[in-house]
Amino acid sequence: MKELREQIESILSKSGKNKQVVDKIRKEISVYPFSTEGRILVYLVAENAITYEQFNKLHDEYAKRNKYLELFDLSPRTFGETWGEQYILKNFPEFLKATKENISTFYSDFDGEFDLWLDGIRIEVKACRANSTKKGGSLASRAYLHSDAIRNSFKYHFQQLKPSCCDVFIWIGVCRDKLLYWIISSDELQKTGKLISQHRNENTGNKGTEVFEGQVFMTEEELKPFLVDDINVVKAVKEKAKKIL
């Protein structure tokens, strides 16, 4: 929204249109879908300060910058427990949702310890939204563009990680304008040295316990070795699994 507001201010300063009308719009209650910015833009079109084509260009630029903004409005539980897994299943049909009914023939001991299954590969999906932690407000109002995340060395937080229960992790980084995919095997995760305890039990998250659970905080630079394009997600999962199975 910051970028759009700056663009509107620039247009207003150059157009010389009635400032009182604009101030009145800004003081009135904004009710979805009639946002303050949208109403000012309609006023500028009506006053021939911008053309309809220019209005559409502003719309398209805004939509591109905020392609995934709605994901920042999801509740933590919905985002953390269901969105990532559902997104992968929808966009990569090669994966099978791991349920006792679906994979009992292949994996008789399944007890909900991983999310997806692919040709004998146990897969866990985790996602993290990139946002500013330096100011208050809703998560959506603090959502980072990908360039913001890089500039601020944002640390992606992936939690409830159980390397002993799966072979490969699919981690998704969510920015306002971009999704990032990191594919990392359970062995590679252990070798990063970034896996730390998540719970009060000092043994939880440490190698050597029967089922250990931990979390990581990693910048994009630290995650770079595991980055893949969306078209290579399935291929990368298979390649990672080959090295450990």
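Student: Which residues of β5 are buried on one side, and which on the other?

Tutor: In this predicted model, Val 168, Ile 170, Ile 172 and Val 174 are buried on one side of β5, while Phe 169, Trp 171 and Gly 173 are buried on the other. Buried means under 20% relative accessible area, and because residues on either side meet that cut-off, both faces of the strand are described as covered.

Student: What makes β5 mostly covered?

Tutor: The count does, since 7 of the 7 residues of β5 are buried.

Student: How do you know that β5 pairs with β3 and with β6?

Tutor: Pairing requires at least two bridges between the strands. β3 and β5 are joined in the parallel sense over 7 bridges, with Lys 126 having Trp 171 of β5 as its bridge partner. Between β5 and β6 there are also 7 bridges, but here the strands run antiparallel, and Val 168 has Ser 185 of β6 as its bridge partner. Both counts meet the requirement, so both are called pairs. A hairpin through 4 residues connects β5 to β6.

Student: Why are the buried residues of α10 said to line one face of the helix?

Tutor: The buried residues of α10, which spans residues 233–242, are Val 233, Val 234, Ala 236, Val 237, Lys 240 and Ala 241. Viewed down the axis of α10, these residues fall within an arc of 165°, so they line one face. An α-helix has 3.6 residues a turn, so residues three or four places apart point the same way.

Student: What covers the buried residues of α10?

Tutor: The covering elements include β5 (168–174) and β6 (179–185), along with β2, β3, α8 and β9.

Definitions and conventions
Residues numbered from 1 in each chain as written. Predicted model: local features only at pLDDT ≥ 70, side-chain atom pairs only at ≥ 80, totals over all residues. Heavy atoms only, no water. Buried < 20%, exposed > 50% of the residue type's maximum accessible area, 1.4 Å probe, protein only. Helix = DSSP H or I, 4+ residues; strand = E, 2+ residues; numbered from the N terminus. Arc of directions from axis to C-beta. Contact = heavy atoms within 4.5 Å.
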